[in-house]
Amino acid sequence: MQRSLVGSEMCIRDSNIYQAFSLISFEVGGESVSSIVDTGSSVLWVGNSTSTISNMEYLCENSACVDVTTMSPAATDMDYSYPIAYAQGVTVNPEFYESTLTIAGVDVSDFNFGVVDAYPEFNRSVFGLRNMVGYSDKSNLIKTLKSQDFISSEAFSMSYAGPITCLLYTSDAADELDGV
C-alpha cells in the first residue's frame, strides 16, 4: 500500500484505488461549470447540454455541460477538433469554441475550449492545466494567462482547499470516498 499526499488531503493508494481528483469551478461564456483538475493534459473540455445522446444526462447533472448557443459573450466555433486520449483508454473528440473564461476572478478573453457531444465515460468534464507542446496556445490556460499578461512566465502554482474525492473500485461496485 502506498500513501499519497494530494493537496491537503491524503488518499490511500493500492490496487483498488482507481482515481483521486479535485474539482475546479469557473465560468466559460458566462455559464458556470465544475471540472476535474487534470495536471496531465492541457485542454479544457465540457459536455454539450443540447446533445441528443441520452447518456450525456449524467455528465450534465454534475455541472459539466454548457449550451454554446446561449453563451454571453457569444462562443465562436473555431472549426477544428481533435481526439484526446487518456491513460484509462477513454478518448474524447471535442469540437473547439472560443469565448471568455472566468477563473478566480480573472477574465481570460479569447480562450479556446472543447465541447463533446458524446458521454466520455467520465462523470465530470476535464480542465487540463499541463503546459504541453503541440496544442493550440489559446486552449492552454498557462500560455493564455502569459500571453494576456496575467502571469509573467509560463509557470504557476495552485493549492487545493479540498475536498479530494477518491474512487475506490471493488469487485462489487465503485464507491466514492469524499474527503478521504
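**Entry 1: terms and model**

A nonpolar core, as I use the term, is a set of buried Ala, Val, Leu, Ile, Met, Phe, Trp, Tyr and Cys residues joined through side-chain atoms within 4.5 Å. Buried means under 20% relative accessible area, exposed means over 50%, and partly exposed is in between (1.4 Å probe, protein chains only).

I am working with a predicted model, where local features need pLDDT of at least 70, side-chain atom pairs count only at pLDDT 80 or more, and totals for chains, interfaces and linings use all residues. Residues are numbered from 1 along each chain as its sequence is written, and side-chain values use heavy atoms, with hydrogens and water left out.

**Entry 2: the whole chain**

I started with secondary structure and found two helices and 15 strands. Helices (H or I, at least four residues) and strands (E, at least two) are DSSP runs, numbered from the N terminus. Of the 180 residues in the chain, 42% are buried.

I then looked up contacts, meaning heavy atoms within 4.5 Å. Among those between residues at least 6 apart in sequence, 57% join residues at least 24 apart. The accessible surface is about 9,500 Å², and carbon and sulfur atoms hold 47% of it. Those areas come from the Shrake-Rupley method with a 1.4 Å probe; for residues, only the protein chains shown count as cover.

I checked pLDDT, the predictor's confidence in each residue, from 0 to 100. The chain average is 76, and 71% of the residues score at least 70. Strand β11 (residues 95-103) has the highest confidence, at a mean of 93, and strand β1 (residues 2-6) has the lowest, at 35. The pLDDT is below 50 over residues 1-10, a stretch with 21 contacts in the model beyond near neighbours in sequence. Residues 169-180 also stay under 50, and the model gives them 27 contacts beyond four places in sequence.

**Entry 3: the cores**

Which residues touch the most other members of the largest nonpolar core? I noted Phe-26, Leu-44, Val-66, Leu-101, Phe-113, Phe-127 and Leu-141, out of 21 residues in that core. Two or more residues come from each of β4 (23-28), β5, β6, β11, β12 and α2. Strand β12 gives the most, with four residues.

Another core, of nine residues, lies apart from this one and includes Val-92, Phe-96, Val-116 and Val-126.

Not counting residues up to four places away in sequence, Val-66 touches Val-28, Glu-31, Val-33, Val-46, Gly-47, Asn-48, Ser-49, Met-71 and Val-115.

**Entry 4: strand β13**

Is strand β13 (residues 125-128) covered on one face or both? I found both covered: Ser-125 and Phe-127 are buried on one side, and Val-126 and Gly-128 are buried on the other.

For its partners, I counted two strands as paired if DSSP finds at least two bridges between them. Strand β5 (residues 31-38) runs parallel to β13, with four bridges, and Asp-38 stands opposite Gly-128. Strand β6 (residues 44-48) pairs with β13 in the antiparallel sense over two bridges. Leu-44 has Phe-127 as its bridge partner there.

**Entry 5: two buried polar side chains**

Glu-31 is in strand β5 and counts as buried, at 18% relative accessibility. A polar atom of the Glu-31 side chain lies 3.2 Å from the backbone nitrogen of Asp-67. Leaving aside neighbours within four places in sequence, Glu-31 is in contact with Phe-26, Cys-65, Val-66, Asp-67, Thr-70 and Met-71.

Asn-140 is in the loop between β13 and α2 and is buried, at 2% relative accessibility. Its side chain has a polar atom 3.0 Å from the backbone nitrogen of Ile-142.

Most residues other than glycine have a negative phi, and most peptide bonds are trans. I went looking for exceptions.

The peptide bond from Ser-72 to Pro-73 is cis, with omega near 5 degrees. Pro-73 sits in the loop between β7 (65-66) and β8 (76-81).

Asp-110 has a positive phi, near 55 degrees. Asp-110 is in strand β12 (residues 106-116) and is partly exposed, with a relative accessible area of 39%.

Asp-149 has a positive phi too, near 60 degrees. I placed Asp-149 in the loop between α2 (141-147) and β14 (165-169), where the residue is exposed, with a relative accessible area of 68%.

Conventions: A polar contact is a pair of N or O atoms within 3.5 Å; within protein, one must be able to donate a hydrogen and the other to accept it, and residues adjacent in sequence count only if both atoms are side-chain atoms.
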